[in-house]
Amino acid sequence: MKRIFVVEDEPDIASVLVDYLHAEGMQPVHFADGERALDAALADPPDLVLLDVMLPGRDGLAVLRALRQQGPLPVMMLTARVEEVDRLLGLELGADDYICKPFSPREVVARVKAVLRRTAPLEPDTGLLLDEAQGSAVLEGHKLQLTRKEFQLLAVLARRPGRIYSRAQLLEIVYPDAPDASERVLDSHVKNLRRKLAAVEPAHEWIRSVYGVGFSFETR
């Protein structure tokens with residue numbers, strides 16, 4: 001049963017979303033403010049967060065930024081602010097989808113399912129196994145000797161195969177404690193990761209460069 005955090009301060013909207021998600025066999029948990037939702041997500045991460053932009057106290061974008069510093073938790077933004085800058089800002093921070101109000105609850109549920117499918121953990125037949133609790137990675141039965149930052153970078157990319165991350169996104173997600181980290185540092189870690197992956201399976205390009213944009217993780 002997928003645990004879904006519904007972070008929405010409007011009771012009527014929250015009630016409808018909770019009811020529809022519950023009817024689809026999910027386990028929705030409602031929070032009316034961003035601070036409590038963030039604390040709960042950091043203590044025991046859910047499978048996905050439905051996050052309103054306009055919240056009392058800490059707003060949705062601030063919550064998203066804090067979540068992204070911890071790891072690749074799927075987050076969908078709910079917003080009544082349709083200005084393009086808000087949409088782009090939410091996506092630049094790593095939102096997996098956004099939904100503008102008013103919306104159809106059925107559409108929200110359908111898109112929640114789509115994001116959950118897209119962000120599902122890697123299946124064993126991909127050859128790569130990640131243990132985030134131990135910070136270890138195994139490729140084709142071979143344990144990769146990774147630094148902490150290399151593992152974090154690999155985990156972010158591998159949890160969403162095919163998704164292109166910009167260098168700016170990766171710097172914010174992987175190096176939140178090093179605001180002076182540069183693209184050169186990121187490129188160095190990508191180079192080391194590629195070398196270690198290629199040592200096990202040289203025929204496959206696991207981390208693809210997208211010219212002028214960033215990187216994506218490619219399954220077979």
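**View 1. Asp-52 sits in strand E3, which spans residues 48-52.** Welcome to this predicted model; our tour starts with a residue that carries an annotation. The unreviewed UniProt entry lists Asp-52 under "modified residue: 4-aspartylphosphate". In the model, Asp-52 has a relative accessible area of 2%, and because that is under 20%, Asp-52 counts as buried. Who surrounds it? Leaving aside neighbours within four places in sequence, Asp-52 is in contact with Val-7, Glu-8 and Asp-9, with Gly-60, with Leu-78 and Thr-79, and with Lys-101.

**View 2. Three strands make an open, antiparallel sheet in the order E9-E11-E10.** Strand E9 (165-166) and strand E10 (207-210) are the edge strands; each has a single partner strand, so one side of each lacks a neighbour in the sheet. Helix H6 (residues 148-158) packs on this sheet and touches E9, E10 and E11. The direction of H6 makes about 70 degrees with that of E11.

**View 3. Here is a closer look at how E9 pairs with strand E11 (residues 214-217).** Two bridges join these strands in the antiparallel sense. Look for Tyr-165, which stands opposite Phe-215 in E11.

**View 4. Helix H7 (residues 167-174) crosses helix H8 (residues 183-200) at roughly 85 degrees.** Their axes come within 10 Å, and the crossing angle makes H7 roughly perpendicular to H8. Where the helices meet, H7 brings Arg-167, Leu-170 and Leu-171, while H8 brings Glu-183, Leu-186 and Asp-187. Sorted by class, this contact has three nonpolar and three charged residues, with no polar ones.

Definitions and conventions:
Residues are numbered from 1 along each chain as its sequence is written. This is a predicted model: local features need pLDDT of at least 70, side-chain atom pairs count only at pLDDT 80 or more; totals for chains, interfaces and linings use all residues. Side-chain values use heavy atoms; hydrogens and water are left out. Two strands pair if DSSP finds at least two bridges between them. Helices (H or I, at least four residues) and strands (E, at least two) are DSSP runs, numbered from the N terminus. Contact means heavy atoms within 4.5 Å. Axes are lines fitted to C-alpha atoms, for helices over the stretch in contact, and angles run from 0 to 180 degrees between N-to-C directions. UniProt positions are given in the numbering used here, feature names are shortened, and annotations may be inferred rather than shown by experiment. Buried means under 20% relative accessible area, exposed over 50%, partly exposed in between (1.4 Å probe, protein chains only). Angles under 35 degrees count as roughly parallel, over 145 as roughly antiparallel, 65 to 115 as roughly perpendicular and the rest as oblique. Ala, Val, Leu, Ile, Met, Phe, Trp, Tyr, Cys and Pro count as nonpolar, Asp, Glu, Lys and Arg as charged, and the others, Gly among them, as polar.
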